[in-house]
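This report describes the fold and selected local features of the structure shown below.

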Amino acid sequence: MRSTLFSGASRLLRYNRNGQFLTRTRSAKATSSSLDQQQQDAAARSEGGKSESVEESQEEQQKLPTREPLVKNFFVGVVDKELLAYPEVIPRDEMAQLQNSLLPLKNYFEEQREAEAEQQQKPTETYRQLGLYGLNAPTDFEGKGYGWSASLMASEPDSTDTDVSLSLQSHRVVVDLLKELGTPQQQQRYLQDLATGALIATEAIYEYAPPEEDYFNTKAEFLPETGKWRLNGEKAYVVCTPGERQLFLVLAQTQQPNVPGAVGRGTTIFLVDSQLEGVRLGEKHATFGCRQADIRRIHFDKVQLGEEQVVGIAQDGNRYSEQLVRSSRLRGSLAGVSLAKKLLNELAQYTVTTTQCGVQLKDLELTRVHLSRAACSVYAMESMLYLTAGLLDEFRAQDVTLESAITKFFTLRQLYEIATLNLGLVGPKSLLSGEATELGLRDAAQLCTQGESLDTLGMFIALTGLQYAGQAMNAGVRKSRNPLFHPGHILGKFLDTNSLDNPKTKMQLAEHVHPSLDAAAQCIEQSVARLRMAVELMFTRHGNAVVERQSEMHRLAEVATTIYAMWASTARASRSYCIGLPLADHELLTATAICSQGKDRVHTLCSEIYGGNFVNNDNNLVRLSKQLTKSKGYFPVHPLTFNF
């Protein structure tokens, strides 16, 4: 499955005969750019005049004009200094109302839910009464009408319970997609029921055993004689709510009429009601974590679907998957942030109340360092999440493809590190069945594997950034790869005093943050400059084959992730100190620590990219892997073996 996903991601890039690097193919999409107008018109005509997009809402029209993508520009060494102002998208009076409305939710998940569980009551009715299903649904359909930032903030109480959060966040992802891509008829048909909880939505995308060549084993066939689709197959890892009416968002493989083979192969997004004939709940997965969540297989046997149940344009589901994964990544990150906070709070409480050999654990230097690093990670996670949400709320159709992917990538990696940190501090007790540390480790591992894998996500980050940078660097890279034809360009490179160890920048980010964060701003500037130098070197060294350098791309993804964490933390800390929030001086210290450590990590990773595979040990590891696969496992003989 992992190789299939990566091969699909690598198709984002290709090499043009005209010499342009990394232009996009029609089969995939990583930014919000669309097909040209002729292709849109043709697609609309092929679907019976179906509109490709929903008219822009009044809320969208009131937003500020779109800005250049923030993280994508990091790859070309460009920063948008205005975005160092952390977004304030919720007015003061609305924030007060929102905080008051969250009090019943916090009270329920902290106290009343335990009593309800003892009485074995079904919680879905309580969720309906609390309005949890309609947080992000429009007010026209009996929802709360919250934007991205407000809905994420309103989701924090239920995200403290990871099992509950999986179901509710999946429901909200489908609501997000219908708001953006659903036709007026689909919105009228589904949104009100989704907002009230009469209909509970969930994603059905992943499969237990994906095919080697096709996109999915789940396939939908269009029947011209009836004008309907026939859906067959099964999906796995679907978060279900048995006993309730559900709406499954199914991504299935489809074939264009009269276009055989891979050329006509595409994907289509369907809305499938659980009450339709042929839809059946399968076996429940015995998962490692989130054991209270009902995660099952779903079977589709000749399910008849109409055109009104197709989201977007048929055969072109890849184009609309960006909105789907963006919402899924952001809302999934919130669950990770909440779990990381919970684990950190429990660990801090344990160190305060535990004494060993006459010394409290909180007084040990190693314990302090572990706790501080975990706190820095949680601070960066939270800062990235609400910065990305703020960009979506503040600017019209803002491209946050990389920001959302990076937020999930960073959050889940750091979450697992925090969960395993407990093992060393708490000791053998940490893995006793039922202990908070054991349950936290299980849930953290489950979140890391629920949906797209972290390796695939890292490759997506690097590929998307390289695709964007390739268009901007095309001319310079072409000259560097043909030095005999461009001696002036090569001479300029030779005389350039800019180096990886001492990069020169003119960004002047310190002018846009509090003076106390001058050092942090300098760390960001140097890291962005190093990222640009590493990207340019990779293009010059590998050309079109850069997509095959997966180890270097993984380093590149980590560099971009680290820089975004530094940026978001600095912006947040500057705002907190400037407006006088409690303990804002410690936020300055937190952001400074994040940037100081991040700068060193970026320098190390970029130095490994500069060194090449013979210097950074990649070549040795690749050679070893060949023998491992040849021997089908560990190949060295026993260390005490004689050779005679």
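## Report on the predicted model

F460 lies in helix 15 (residues 454-480), where helices are DSSP runs of H or I with at least four residues, strands are runs of E with at least two, and both are numbered from the N terminus. The model is predicted: local features need pLDDT of at least 70, side-chain atom pairs count only at pLDDT 80 or more, and totals for chains, interfaces and linings use all residues. Residues are numbered from 1 along each chain as its sequence is written, and side-chain values use heavy atoms, with hydrogens and water left out.

F460 counts as buried because its relative accessibility is 14%; buried means under 20% relative accessible area, exposed over 50%, and partly exposed in between, with a 1.4 Å probe and protein chains only. Between F460 and M553 there are 93 residues of sequence separation and a C-alpha to C-alpha distance of 9.3 Å.

**Chain as a whole.** The protein chain contains 20 helices and twelve strands. Of its 644 residues, 52% are buried. Its accessible surface is about 30800 Å², with 51% belonging to carbon and sulfur atoms; the areas come from the Shrake-Rupley method with a 1.4 Å probe. Among contacts between residues at least 6 apart in sequence, 74% join residues at least 24 apart, a contact being heavy atoms within 4.5 Å.

**Helix packing.** Two packed helices are described by the angle between their axes and the distance between the axes. Axes are lines fitted to C-alpha atoms, for helices over the stretch in contact, and angles run from 0 to 180 degrees between N-to-C directions.

| Helix pair | Angle | Axis distance |
|---|---|---|
| Helix 17 (residues 518-542) and helix 19 (residues 584-611) | about 15° | 9 Å |
| Helix 9 (residues 162-181) and helix 10 (residues 184-196) | about 150° | 10 Å |
| Helix 9 and helix 11 (residues 317-353) | roughly 150° | within 9 Å |

Angles under 35 degrees count as roughly parallel, over 145 as roughly antiparallel, 65 to 115 as roughly perpendicular and the rest as oblique. Helix 17 and helix 19 are therefore roughly parallel, and their crossing is left-handed. A crossing has this hand if the near helix is turned anticlockwise from the far one by less than a right angle, and is right-handed if clockwise. The residues of helix 17 in this contact include C523, L531 and M538, and those of helix 19 include V602, C606 and Y610. By class, the contact of helix 17 with helix 19 has 13 nonpolar, four polar and three charged residues. Here Ala, Val, Leu, Ile, Met, Phe, Trp, Tyr, Cys and Pro count as nonpolar, Asp, Glu, Lys and Arg as charged, and the others, Gly among them, as polar.

Helix 9 and helix 10 are roughly antiparallel and cross with a left-handed sense. Among the residues in contact are V175 and L178 of helix 9 and Y190 and L194 of helix 10. Helix 9 and helix 11 are also roughly antiparallel, but the crossing of helix 9 and helix 11 is right-handed. The contact of helix 9 with helix 11 divides into eight nonpolar, six polar and five charged residues.

**Backbone geometry.** Most residues other than glycine have a negative phi. E142, however, has a positive phi near 65°; E142 is found in the loop between helix 6 (124-130) and helix 7 (148-154) and is exposed, at 53% relative accessible area. N617, which is not a glycine either, has a positive phi of about 80°. The loop between helix 19 and helix 20 (618-631) holds N617, which is partly exposed at 35%.
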